[in-house]
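The sequence and the structure come before the description.

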Amino acid sequence: MKSQIFQINCTTRSGKMQQETNDQIFGSFQNLQIPKQESVCLDVQCCNNQIIASIYKNNKIAIYNYKTNTNFEIESEKLLYSSTFSHPDSLNKNQLYLFGQSIQILDLEKQIISHQINTEFSYCGDSNIWNEVCVANEKTLLFWDIRQKLPFNCILAHSMQITQCKYNETGRYITTTGLDNCARVFDSYGTDSLVTICGSKKTHTTSSQFIRDSKHLIVSTLEQPLGLWDWVECNLVAQYKIQYQNRFFIKPIVIYDEKGIPNFILYPNDANQIYLFNFLKPDDKPLIQQLDQFGNDIPVRLLKNDEDYLLFGKNDIIKCKRKF
């Protein structure tokens, strides 16, 4: 995608507009009958073989395949916080990496925790196609070769706790956010940040992710709009206005066409609404769908799994389809 400069329009959208555009994004709602858990859900992940992984506060992992309607549960002896699936094109397929007091590897076929890598407490992590895992230990990024169970790089990435780290498509670069209100990009084999963006004393950055061209980032903050950044040029390309965003786990989803060009951004907020932005026209009014069926005390999490969209509410997981 060629870098473009867009006219920025961050004016607040009215409630009337939200009502007029209600129920325009999702349909074909199906409640997945996943066994209820007594503990609080800390993290949910999906992979492209229709599997949902949920991590709970009581150190339980629940794996559910909604195509076959099968599930299993397993408990960890170590404290858990988050997880990520192995890259679908890597040699280590069908694995779930668990982060917390150690890095644990759950073999989804054998339904066992196959082994673990002892390390300091890891808040979050991500995996790439090269069977490498990046984990955040407070302010530091640690890079591990999973096959050899050995670290190959360590980077002091932020001045305060890292909240998220994500690889790009090739697995060479990684973007991070932290409580120091910065989003950064690193070479996984380097030592210094390639760029620092979106630093602000007013609000935390909550997530950053590469789009497929690896040149652009979508950066989310607690109080400011979504930003599209050309991180190579350190240039803010566009902004997309979000209301009621103050949760760290809410992240955008970029939708691509058959040529791999980004078309839309889907984004939930704290008022149980889903926004749909025109990726190339940030000044256009977003479509907004209200999702009151999930209640108002816990905001909706939204994940995409192949052609399915999964809405995680207070006690429900709803599979749905985008309407267009």
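## A glycine in strand β10

G125 lies in strand β10, where strands (E, at least two residues) and helices (H or I, at least four residues) are DSSP runs numbered from the N terminus. The model is a predicted one, in which local features need pLDDT of at least 70 and side-chain atom pairs count only at pLDDT 80 or more, while totals for chains, interfaces and linings use all residues. Residues are numbered from 1 along each chain as its sequence is written, and side-chain values use heavy atoms, with hydrogens and water left out.

With a relative accessible area of 13%, G125 is buried, a term that stands for under 20% relative accessible area, as against exposed for over 50% and partly exposed for values in between (1.4 Å probe, protein chains only). When its neighbours within four places in sequence are left aside, G125 is in contact with S82, T84, F99, C134, V135 and C165, contact being defined as heavy atoms within 4.5 Å. The C-alpha atoms of G125 and F143 are 9.6 Å apart in space, and the two residues are 18 apart in sequence.

## The chain as a whole

The secondary structure of the chain comes to 1 helix and 28 strands. Of its 324 residues, 56% count as buried. Among the contacts in the chain with a separation of 6 or more, 46% are made by residues 24 or more positions apart.

## Two residues with positive phi

Most residues other than glycine have a negative phi. Q50, in the loop between β2 and β3, has a positive phi near 70°, and its 18% relative accessibility means that it counts as buried. E138, which is found in the loop between β11 (132–137) and β12 (140–145), likewise has a positive phi, here near 60°, but at 44% relative accessibility E138 counts as partly exposed.

## Cavities

A search of the whole structure finds 2 cavities of 30 Å³ or more. On a 1 Å grid over the protein atoms alone, a cavity is a set of points where a 1.4 Å probe fits but cannot get out, whereas a pocket is an open set with protein on both sides within 12 Å along at least five of seven lines, and lining residues have an atom within 4 Å of a point. Grid points are joined across faces, edges and corners, and a volume is the space filled by probe spheres set on the points.

The largest cavity holds about 50 Å³ of space and is lined by I34, P35, Q37, A62, I63, Y64, N71, F72 and E73. To this lining β4 (60–65) and β5 (70–75) each supply at least two residues, and by class the lining divides into 6 nonpolar, 2 polar and 1 charged; here Ala, Val, Leu, Ile, Met, Phe, Trp, Tyr, Cys and Pro count as nonpolar, Asp, Glu, Lys and Arg as charged, and the others, Gly among them, as polar. The second largest cavity, with a volume of about 30 Å³, is lined by I34, I52, S54, Y56, A62, Y64 and I317. The largest share of that lining, 3 residues, comes from β3, and the lining has 6 nonpolar, 1 polar and no charged residues.

## The second largest pocket

About 520 Å³ of space lies in the second largest pocket. This pocket is lined by 23 residues, of which C41, Y56, G313, K314 and N315 are the closest to its centre. Both β2 (41–47) and β3 (51–56) supply at least two residues of the lining, which divides into 12 nonpolar, 5 polar and 6 charged residues.

## Aromatic contacts

The whole structure contains 10 aromatic pairs, counted where rings of Phe, Tyr and Trp (its six-membered ring) have centres within 6.5 Å, with planes under 30 degrees apart taken as stacked, over 60 as edge-to-face and the rest as tilted. The rings of Y81 and Y123 have centres 4.6 Å apart and planes at 35°, so this pair is tilted. Because Y81 lies in strand β6 (residues 80–85) and Y123 in the loop between β9 (112–118) and β10 (124–127), the pair ties together parts that are 42 residues apart in sequence. Y81 counts as partly exposed, at 31% relative accessibility.

Y240, Y275, F277 and F279 form one aromatic cluster. In a contact of another kind, the charged end of R212 sits over the ring of Y256, 3.9 Å from its centre, the criterion being that NZ of Lys or CZ of Arg is within 6 Å of the ring centre and within 35 degrees of the ring normal.
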